[in-house]
Structures are given as C-alpha cells and as structure tokens.
Amino acid sequence: MFDETLTTVAVCWRVERWDGVAIGLTDHDRDLVIDGLVHRAAPGMVPSAISRSDGLDADTMDVSGALTSAAIGERDLLAGRWDGAQVAIFAVDWCDLTRRVALGEGTIGAVETKDGGFSAELRGLAAALDRPVVDATSPECRAMLGDARCRVAMAPRRFFARIVGVDDTTLTLDRSEPAPNGWGGGRVRWLSGENCGLESAVVLSAVATATLDQPPAFDVAAGTLIEVSEGCDKSLATCATRFGNAANFRGEPYLPGIDLLTRYPGG
C-alpha cells in the first residue's frame with residue numbers, strides 16, 4: 001500500500017494495560033474501527049523514527065502526544081496505571097482496513113509529562129535480551145516470596161483490611177500483622193477508592209500499621225478496602241523459622257565476599 005500513486009495510510013496504536021483496559025488511537029482525522037476496537041482520532045500522537053533490524057540490539061522508540069484522550073490522563077500516567085502496558089503500532093490503509101503493516105510492538109517504559117503532553121518510551125521485544133542470563137551470588141534470597149522458586153503458598157498469607165487512618169506513607173489498618181514486621185517487604189493492593197487497581201510496596205510494619213515506600217498516588221479515605229500480603233526480609237533466618245522454607249532459599253549467606261580480600265592479621 002506504500003507504492004501506490006496516492007497513499008491512504010494512517011498510523012494506529014493499540015495499548016492494553018495489565019488490568020485488561022485497552023484503547024486504540026490513530027493519527028487519522030476520523031475514528032477507525034479495527035478488529036472491533038475503536039481507534040480514536042488523535043492527530044497529536046507522534047512516534048519517533050521507527051527502525052527495524054535483524055540484529056540482537058534492544059529496539060526502542062518514543063511516542064509523544066497531547067493528553068487529550070479521556071482514556072489517558074496525567075494522573076493515571078503518574079500513578080503508574082500505564083506502566084508495562086502492551087503496545088502495538090501499525091500502519092493501515094484507511095480505505096481498506098484489512099490492509100495493514102506492523103511497525104513495532106513492545107511495552108511502555110519510562111513516561112514523562114510536560115506542558116499538557118506526555119512522552120513514553122516503547123521497549124521492543126529484544127529489550128528482554130538485556131536482562132542477566134544467570135543470577136549473581138548474594139547473601140540474601142533472590143526469589144520473590146511466593147514465586148515459582150520460593151514456593152511458599154501465599155493464599156493464607158494475604159489478608160483483607162480496611163484503612164482506619166493515613167499519615168503520609170503510614171497506613172493504619174483495622175487488623176494486626178501476623179508476625180513482627182510481617183507485612184514488611186509485602187504489597188498492598190488497592191481494592192476500592194481512587195487508587196483501585198494500583199499496588200504499593202510496604203517497607204515495614206508494626207502491629208496495625210504499614211509504612212509504604214511512597215505516598216499513595218491518590219487521596220485515601222477511611223474505610224478503603226485493601227488486600228495486604230506478607231513480606232520477607234530475604235534472610236535465611238526468616239526463611240527457615242517463619243516460613244519453614246530453607247530448602248528453597250535462593251541465596252548464599254555463607255559464601256565469602258570480597259571483604260575477605262581486605263582482611264589482615266589483627267584487623
């Protein structure tokens with residue numbers, strides 16, 4: 001469709017969040033319905049130059065645009081609702097929507113907002129090749145509590161609670177933690193209120209309070225329902241005594257480190 005005398009090409013974006021919300025945008029001057037999804041006309045959406053290669057280098061590109069779509073708001077962008085969203089960019093013949101050419105796909109990386117607009121980095125599939133192939137040794141466990149390597153059952157370690165009060169990053173709940181600092185290293189999943197659908201990391205807890213790594217993105221009202229999960233401090237002692245899971249500990253607490261090289265007699 002690119003080699004014709006008169007081209008009728010529009011660029012489209014399909015963005016799907018991790019919670020299932022999907023939107024479509026196009027730089028055409030009218031909406032296009034493609035695969036049952038309405039791609040709203042967004043002339044302000046501008047992609048950077050798109051390069052395709054057969055090498056193994058990580059492909060990235062930038063997409064910028066105005067915050068004019070009701071589906072993409074500045075507050076949601078800054079709150080992280082669009083972090084890691086799946087993006088597919090393609091060109092389509094707006095006279096025959098069955099004719100299309102894929103231009104790129106990947107996930108949304110860094111997002112910035114400025115002067116009523118935003119820019120987002122699109123990380124291609126090859127970006128996954130930048131990750132380490134093997135684990136580095138560490139005295140602390142490298143697994144996440146409850147993942148396939150840890151194998152601790154998390155169902156009985158997640159609790160529903162309601163917010164009693166909020167002081168910056170500290171939440172006061174209507175229930176107590178299961179063990180000293182039991183929620184430290186865990187997560188809070190917001191089930192109601194303005195933060196619904198978001199997650200927050202817990203750095204430490206004490207009795208009925210949980211301190212987050214940063215303030216909630218939106219205001220929190222008393223009575224907000226959350227799900228709070230237990231955490232782990234990644235130490236072998238906690239793994240063995242609290243979880244009875246030392247057999248699956250993914251760390252090397254007794255492996256000598258580089259500090260062994262700096263030791264000297266009498267030091």
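In the predicted model, the residues lining the largest pocket comprise seven nonpolar, four polar and seven charged ones. This pocket has a volume of about 370 Å³. Its lining is formed by 18 residues, and Leu145, Gly186, Arg187, Ser229 and Glu230 lie nearest the pocket centre. Two or more lining residues are contributed by each of strand 12 (187-190), strand 13 (199-206) and strand 15 (225-229).

The largest nonpolar core contains 15 residues, among which Leu173, Trp183, Val188, Trp190, Ile226 and Val228 touch the most other members. At least two residues of this core are supplied by each of strand 10 (158-167), strand 11 (170-173), strand 12, strand 14 (209-212) and strand 15. Strand 10 gives the most, with three residues. Beyond residues up to four places away in sequence, isoleucine 226 touches Phe159, Phe160, Ala161, Ile163, Leu173, Val188, Arg189, Trp190 and Leu191. In soluble globular proteins, nonpolar side chains tend to be buried together.

Threonine 8 is located in the segment that precedes strand 1 (9-16). With a relative accessible area of 13%, threonine 8 falls under the 20% cut-off and is therefore classed as buried. Its side chain forms a polar contact of 2.4 Å with the side chain of aspartate 93. When neighbours within four places in sequence are left aside, the residues in contact with threonine 8 are Val92, Asp93, Trp94 and Cys95.

Conventions
Residues numbered from 1 in each chain as written. Predicted model: local features only at pLDDT ≥ 70, side-chain atom pairs only at ≥ 80, totals over all residues. Heavy atoms only, no water. 1 Å grid on protein atoms, 1.4 Å probe; cavity = no way out; pocket = protein on both sides within 12 Å on 5 of 7 lines; lining within 4 Å. Points joined across faces, edges and corners; volume = space filled by probe spheres on them. Helix = DSSP H or I, 4+ residues; strand = E, 2+ residues; numbered from the N terminus. Nonpolar A, V, L, I, M, F, W, Y, C, P; charged D, E, K, R; others polar. Buried < 20%, exposed > 50% of the residue type's maximum accessible area, 1.4 Å probe, protein only. Polar contact = N/O pair within 3.5 Å; in protein donor to acceptor, adjacent residues only side chain to side chain. Contact = heavy atoms within 4.5 Å. Core = buried A, V, L, I, M, F, W, Y, C linked by side-chain atoms within 4.5 Å.
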